[in-house]
Number of protein chains: 2
Amino acid sequence: MSDVSDLLDAAVAGGRVSLARLLTLAERGGPEGAEVARLTHRLAGRAVTVGITGAPGSGKSTLTGALCGVVRAAGERIAVLAIDPSSPFSGGAILGDRVRMSDHALDEGVFIRSMATRGHLGGLAVATPAAIRVLDATGFPTVIVETVGVGQVEVEIAGAADTTVVVVNPGWGDAVQANKAGLMEIADVFVINKADRPGAAETRRDLEQMLMLSAAGSWVPPILETEATTGRGVAELWATIAEHGRHLAVTGELGRRRVERVGEEFRAALLAGLLDRVEQLAGPRRFAELRDQVLRRQLDPLTAVVELLGDLPSGQTVTGTPDTSRRGRAGGGSC
Amino acid sequence: MSDVSDLLDAAVAGGRVSLARLLTLAERGGPEGAEVARLTHRLAGRAVTVGITGAPGSGKSTLTGALCGVVRAAGERIAVLAIDPSSPFSGGAILGDRVRMSDHALDEGVFIRSMATRGHLGGLAVATPAAIRVLDATGFPTVIVETVGVGQVEVEIAGAADTTVVVVNPGWGDAVQANKAGLMEIADVFVINKADRPGAAETRRDLEQMLMLSAAGSWVPPILETEATTGRGVAELWATIAEHGRHLAVTGELGRRRVERVGEEFRAALLAGLLDRVEQLAGPRRFAELRDQVLRRQLDPLTAVVELLGDLPSGQTVTGTPDTSRRGRAGGGSC
């Protein structure tokens, strides 16, 4: 697979087509995906990752575009992974508000990649860190991961960055009420975007109250105000992200978060791999037998799983949902 | 575990506390969850499931409440599973707009359950069908599953119902643009809720255009208009859901969807079970060794997984992300 090695050399030298191709291989997984991981791993570990998340319509993409402008003005390169809920029948990510980032479309210093959320359990949880590793290895000092702030997987992915920015709007109320606590949990920085609209002060007060109720750590998430469309507050946001990065480095939290993250990736990749192997592991005949009983409704799925796992080599059987006591943030390390 | 059997008897006889307890056991999984599945499976298979999904703020909950009113007026019982994105630190689902369903709080014929999205890969994918099975087995002829229409897992869960209702609002545009195609894919019925607001006609035209572009099946999703707060159009929606149910039955599609669904549940439960067993399967020492190398960044996670899976009994190794070519709708059957 010297192919992958050649692509990597070309991407490190700035080849955007080679980089896009590497990302495709990384996202797709399989033996070539593993080869990409093996080769990029050696070069990776320097990039800062920033998660940006918020409700649909909160202006995340515009804000991300504005941040790219600030970073470029400082002469640094930046990559954006935009994770879109997407349709299996569209065959790929939908552009939607990606278009708003078109200011940067011709800038060689900005690389924007839309990732689809196709695939299944573990799909994004494996593909996202793999894509970040590629961007890291090919020399982007900052990788922004933008996700919609609704949905279990999407919130977890944004929360697994070094610094997570949660974007809300004035009047943040009913619309994201249900997910407020989930977003509070992962936020390192709050941004009230569209801050020129009525209700910004109430939203700030609301956030401050929720912050007072939550466990105090050594970092209290600051609350910034931006107008992404005009650029107001965006440079301050970038400075705050950098400040949080220094806090992480000084306290040793950066290392801890990254260990958690790689543990979580290991766990997700292992699950994906096991899924491909389970039929073999359980014995193909026994597997088919139990599955058929389930499909014919002669047996419920959970009992079938208890029986299948009981057939596997060694030890006691445990089944059902995994431990639900984990925190939202990456969670892993213990695998 | 005669406990579970006693609880089931009490719940079938109408005991709401026993029913709530059974649901807790089912959602929690483990040996008791498997026992609940085993016992409820025999009694289940009659309930019609209706998925209701849409963007935050689209009025899903109000509409669900209004549907409950229509069903109750016809003298039937109904259960609602409301799936909330929730925080690990809140320790449970957040009420949010559940409150809007309080009209029915004292009605014995309506049972409303909020499920948290805590847990991890496979958590909801295992817990939701388990909870539906309990409600089915205890005699609810209809189970509504309400989820937010953003996020991979949440959309898939709504899409796995017999009939899936996608709720949009006039001016449906930017806010859910990114997920439009994902929602188109799962919709059996479209509802333009808050249809009294400006833009309803444009939204209808927009939906019709998208429907024309998508593959024509034997069922073309109708587009209804409702005002959930006043009740306008809600009886028509209920009639349309019933009509879609008859279509499913007549065409044999109902059986096919249910087989897919149970196959998908089997797959998700198997993954959850394997996760608990992987250390044993791989050999605890080898597992710890490779995991430590990953956590110390000496080895990338995907290569570690390739090595671990290579150590497992039998056959060739495949790793990386699972096959991403699956359709959004339940997907399984082949496990």
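Start with chain A as a whole: 57% of its 335 residues are buried, meaning that 20 or more other C-beta atoms, placed from the backbone, lie within 10 Å of the residue's own. This is a predicted model, in which local features need pLDDT of at least 70, side-chain atom pairs count only at pLDDT 80 or more, and totals for chains, interfaces and linings use all residues. Residues are numbered from 1 along each chain as its sequence is written, with chains lettered from A in the order in which they are written.

Next, colour chain A by pLDDT, the predictor's confidence in each residue, from 0 to 100. The chain average is 80, and 79% of the residues score at least 70. Select 234–251, helix α10 of chain A: confidence is highest here, at a mean of 97. Then select 174–177, helix α7 of chain A, the lowest at 44. Helices are DSSP runs of H or I, at least four residues. Now take residues 86–100 of chain A, where pLDDT stays under 50. Where pLDDT is low, the predicted coordinates should not be read in detail.

Move to the largest nonpolar core, which has 182 residues. Such a core joins buried Ala, Val, Leu, Ile, Met, Phe, Trp, Tyr and Cys residues through C-beta atoms within 7 Å. Select Leu22(A), Leu81(A), Ala131(A), Leu22(B) and Ala131(B), which have the most contacts inside it.

Stay on Ala131(B). Beyond four places in sequence, its contacts (C-beta atoms within 7 Å) include Leu23(B), Leu81(B) and Met115(B).

Finish on helix α3 of chain B, residues 30–41. Its buried residues include Gly33(B), Val36(B) and Leu39(B).

How values were computed. A residue is buried if 20 or more other C-beta atoms lie within 10 Å of its own, exposed if 12 or fewer, and partly exposed in between; C-beta atoms are placed from the backbone. Helices (H or I, at least four residues) and strands (E, at least two) are DSSP runs, numbered from the N terminus. The expected span of a helix is 1.5 Å times one less than its number of residues. Two residues are in contact if their C-beta atoms, placed from the backbone, lie within 7 Å.
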